[in-house]
Amino acid sequence: MTIKNGIALIAALACGMGFLAAQTGDSRITEVTVYTDRAMVTRESVVALKGGDQSVLIDNLPQSIDPASIQVSGKGAFTLRDIKFTTKYLAVTNSERQKALLAEKKKYDDSIALKSDKIREAESERVFVEGITKKLTAASSEPGAPVLDPDKWISMVKFYREKLTAVNDEVRIHKKDIADLQEESARVARELQSLGNPGGRTVNQLEISVGAAGASSATLAIKYIVRGCSWKPDYALRADSAAKKVSLTYNAQVRQSSGEDWSAVSLALSTAKPQLNGRLPELNPWYLDVYKPSPPMSFSTGAGMPAPSPPAAAMDKSRAESSRLAETDSTPAMEYQVAQTQAGATSVLFALPGKSTILSDNKEYRVTVAIAELSGKFAYSAVPKLSPFVYLRANVINTSEYPFLPGLTHVFLDGAYVTDASMAFIAPGQEFFADLGIDESIKVERKLIKRNEEKPGVFSSKILVGFEYALVLKSNKKTAETISVSDQLPLPRNDQIVVLQVLPPYTKDTDTLKKTDQGELTWTLVLEPGKELTLPLKFTVEYPKGTTISGID
């Protein structure tokens, strides 16, 4: 039997026994659900099956994949036998993208080396010019040396200055070019790192074993978890003070570095937190015992205490957003595509309409989740003891079906950007305050009118210190506005100290004054346009003679 006939016989036996060679299935990513620290990816592959048992190979799965999360389902006349995940090491195979990046990085590195050589040449030229100048000046100072002509001295100084200026300019240009080249080289290096080891990379493969009664077409759906993905909310809150309305644009910042691009996929965002243990914690016995101090620790001579850990660096999260353009014509405003909400038992899923593309470059991509039109009660508040400004706030109820997650909020008032604020978790139907910045058309001032101290007399051993303040409000607005003004009374922490409040004489049917157990006083009043109001605040602190108290100044 010839070798050719032997091979044909083996192939015929394999077909007769129902085993076929594995075929590589072309697959593409169709759906992605992003969580706060990972993502669920769905790939689809349409394959042509033959009769019998066979395997479909899904190649080039990302390095960030979690093999334990792989799930396979499908449609078609076939039976799923088994799935097998393998990682193969390719010794010297480079992708075309890796080859291009390696060549690009080499170009930048060669340019950096060339620029460094130019800098060394310029520095050598500087040393040479300085050496000539030093030699000439030294020779002219020797006894009996001829006196240089002033014109030649001027020419030499001019030459020296021009050469040094040219050298300095050349060095400065080369250093700037090197900095730019190093930045580009680092960028290429980061992209190479995301693609894996360029000299010898690993390839993840999924082998799906199926059985089919006959030839047919099948659609396989492969789901798996990848790391390096996240999303966070980002809001734009726009308040209309005339219409007393608040519009909240619910955006999401999505980023991923999973190693594979998501091109034209159905994107969904989930509020679930799979990184948290979903199991209910169990209580351990709570024991009480007599405290027994540990013996003092002894240190050998020369032993030092461990150095304290360095403080963590604070992250600057401040961001800016330009104010939106005011509409000056009747052209209708553009519309946003918003997500459909699917509320589960423990989380919410935002299914974004259309198709989205998120590249694996770890850059932020903004998508619009929802736009909620909310009504709000606008009111002004002031704490003149702490700030000389009056603040506008909106008391808003989340009437949308979306939960608002903690995140950064860019605040706009009447079309103008005013500030950045933080959004707390707000459930549907929950009330919250939206801070809209300061309004300088209302002035507030806290004045100390007098502070007097009464010494103890013949029949008294008490010291009395009286305080009198005036809280002055002035409105430059054209409408009457409700404003709350807060101040406080001191709280004694010792029975020997007594605070006597003199209630303000200011009363009005529409005004209220509330006092809390913590000594906070809040006036709520209506400030008429162009008017000025003064709220007096008086109190006396009484304490025994010869006692020194803290916090009175």
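Me: Which strands form the open sheet, and in what order?

Reply: Strands of a sheet pair through backbone hydrogen bonds, either parallel or antiparallel. In this structure, 4 strands form an open sheet, ordered β20-β21-β26-β23, with antiparallel pairing. Its edge strands are β20 (442–454) and β23 (498–502), each of which pairs on one side only. Neighbouring strands of this sheet are turned by 20 degrees against each other on average, direction ignored. For such angles, axes are lines fitted to C-alpha atoms, for helices over the stretch in contact, and angles run from 0 to 180 degrees between N-to-C directions. Strands (E, at least two residues) and helices (H or I, at least four residues) are DSSP runs, numbered from the N terminus. Two strands pair if DSSP finds at least two bridges between them.

Me: On what kind of model does this reading rest, and how are its residues numbered?

Reply: This is a predicted model, in which local features need pLDDT of at least 70 and side-chain atom pairs count only at pLDDT 80 or more, while totals for chains, interfaces and linings use all residues. Residues are numbered from 1 along each chain as its sequence is written, and side-chain values use heavy atoms, with hydrogens and water left out.

Me: How many bridges join the strands of the sheet?

Reply: β20 and β21 pair in the antiparallel sense over 12 bridges, and Val444 stands opposite Leu473 in β21. Between β21 and β26, also antiparallel, there are 13 bridges; there, Lys462 has Pro544 in β26 as its bridge partner. β23 is joined to β26 (residues 532–544) by 5 bridges, and Val498 stands opposite Glu542 in β26.

Me: Is β21 largely enclosed or open?

Reply: A residue is called buried under 20% relative accessible area, exposed over 50%, and partly exposed in between (1.4 Å probe, protein chains only). Of the 14 residues of β21, 11 are buried, so this strand is largely enclosed by the rest of the structure. In the chain, buried residues make up 34% of the 553 residues.

Me: What does Gln496 touch?

Reply: Contact means heavy atoms within 4.5 Å. Gln496 is placed in the loop between β22 (481–488) and β23, and counts as partly exposed at 42% relative accessibility. Not counting residues up to four places away in sequence, Gln496 touches Glu542, Tyr543, Pro544 and Thr547. Gln496 and Glu542 are 46 residues apart in sequence, yet 8.1 Å apart in space, C-alpha to C-alpha.

Me: How many aromatic pairs does the structure hold, and how is such a pair read?

Reply: Rings of Phe, Tyr and Trp (its six-membered ring) pair if their centres lie within 6.5 Å; planes under 30 degrees apart count as stacked, over 60 as edge-to-face and the rest as tilted. The structure holds 10 aromatic pairs. One of them, between Tyr250 and Phe404, is edge-to-face, at 6.0 Å centre to centre with 75 degrees between the planes. Tyr250 lies in strand β10 (residues 245–256) and Phe404 in the loop between β16 (390–397) and β17 (407–413), so the pair ties together parts that are 154 residues apart in sequence. Tyr250 is buried, with a relative accessible area of 1%, and Phe404 is buried at 1% relative accessibility.

A stacked pair is formed by Phe467 and Phe539, at 5.2 Å centre to centre with 25 degrees between the planes. Phe467 belongs to strand β21 (residues 462–475) and Phe539 to strand β26, so the pair ties together parts that are 72 residues apart in sequence. Phe467 is buried, at 9% relative accessible area, and Phe539 is buried, at 6%.

Me: Which residues have the most contacts inside the largest nonpolar core?

Reply: In soluble globular proteins, nonpolar side chains tend to be buried together. A nonpolar core is a set of buried Ala, Val, Leu, Ile, Met, Phe, Trp, Tyr and Cys residues joined through side-chain atoms within 4.5 Å. The largest core has 87 residues, and those with the most contacts inside it are Tyr250, Trp262, Phe404 and Leu436. Strand β15 (residues 365–382) gives the most to this core, with 8 residues. Apart from it lies another core, of 11 residues, among them Ile112, Val167, Val171 and Leu181.
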